[in-house]
Amino acid sequence: MEKVVLRGHHLLCVHGFRGMGYSPAFVEKMRSVVEQIRDVDTDFPIQVIRGFDMTCQVCPHKGAVACEANEGSEEHVQTLDRNVIGHLGLQENQSYQKSELVALTREKVAPDDLDVLCAGCSWLPYGVCKEGIAQLRGKDIR
Ligand code: SF4
């Protein structure tokens, strides 16, 4: 299995993902990561970073050194990464078991926290991210 590396804010995106994304390749990559994370029968290490991760690598908005989704997006996504890493009490570049990251998210993130943690994200108004967090808190999965 490919080593799983996720940027901080994608630790929340994986719970809200419903098949939307920036391109077919991005959606395919995100779907494969999400399937692994939602599979209660598997556990594996995930390295948490603030910067381009395995999904950014296939994103059409990835520039040479910065996210180019829109003006200021690099700063914005780094802020989201910091928000989530800080809220979950994680250390950048450290690896954690998937089960631990999911448990921390369930324990520490309420749906309305996304208004702060994910402020300014274009996906937030769709409501699927809050729904995903609500579902995570309502069922006992790893
Ligand atoms: S929009 Fe930017 S941060 Fe988001 S996946 Fe694409 S390159 Fe990464």
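**Exercises on a predicted model**

The buried residues of helix H6 pack against helix H1 (10-16), helix H4 (98-108) and helix H5 (114-117). The structure is a predicted model.

**Exercise 1.** Determine which residues of helix H6 are buried and how they are placed around the axis.

*Solution.* Step 1: Helix H6 covers residues 128-138. Step 2: A residue counts as buried if 20 or more other C-beta atoms lie within 10 Å of its own. In H6, this holds for Cys129, Gly132, Ile133 and Leu136. Step 3: These residues span an arc of only 95° around the axis, and therefore they lie on the same side of H6. Step 4: The partners of these buried residues are helices H1, H4 and H5.

**Exercise 2.** Describe the order of the elements and state how compact the chain is.

*Solution.* Step 1: The chain contains 6 helices and 3 strands. Step 2: Read from the N terminus, their order is β-α-α-β-α-β-α-α-α. Step 3: The radius of gyration is 14 Å, close to the 14 Å given by the globule rule for 142 residues, so the chain is as compact as a globular protein of that length. Step 4: Along the principal axes, the C-alpha atoms fill a box of roughly 40 × 35 × 30 Å. Step 5: Of the 142 residues, 31% are buried.

**Exercise 3.** List the residues around the ligand and sort the shell by class.

Notes:
Residues numbered from 1 in each chain as written. Predicted model: local features only at pLDDT ≥ 70, side-chain atom pairs only at ≥ 80, totals over all residues. Near = placed C-beta within 6 Å. Nonpolar A, V, L, I, M, F, W, Y, C, P; charged D, E, K, R; others polar. Helix = DSSP H or I, 4+ residues; strand = E, 2+ residues; numbered from the N terminus. Rg over C-alpha atoms; globule rule 2.2 N^0.38 Å. Buried ≥ 20, exposed ≤ 12 C-beta atoms within 10 Å, placed from the backbone. Arc of directions from axis to C-beta. Contact = placed C-beta atoms within 7 Å.
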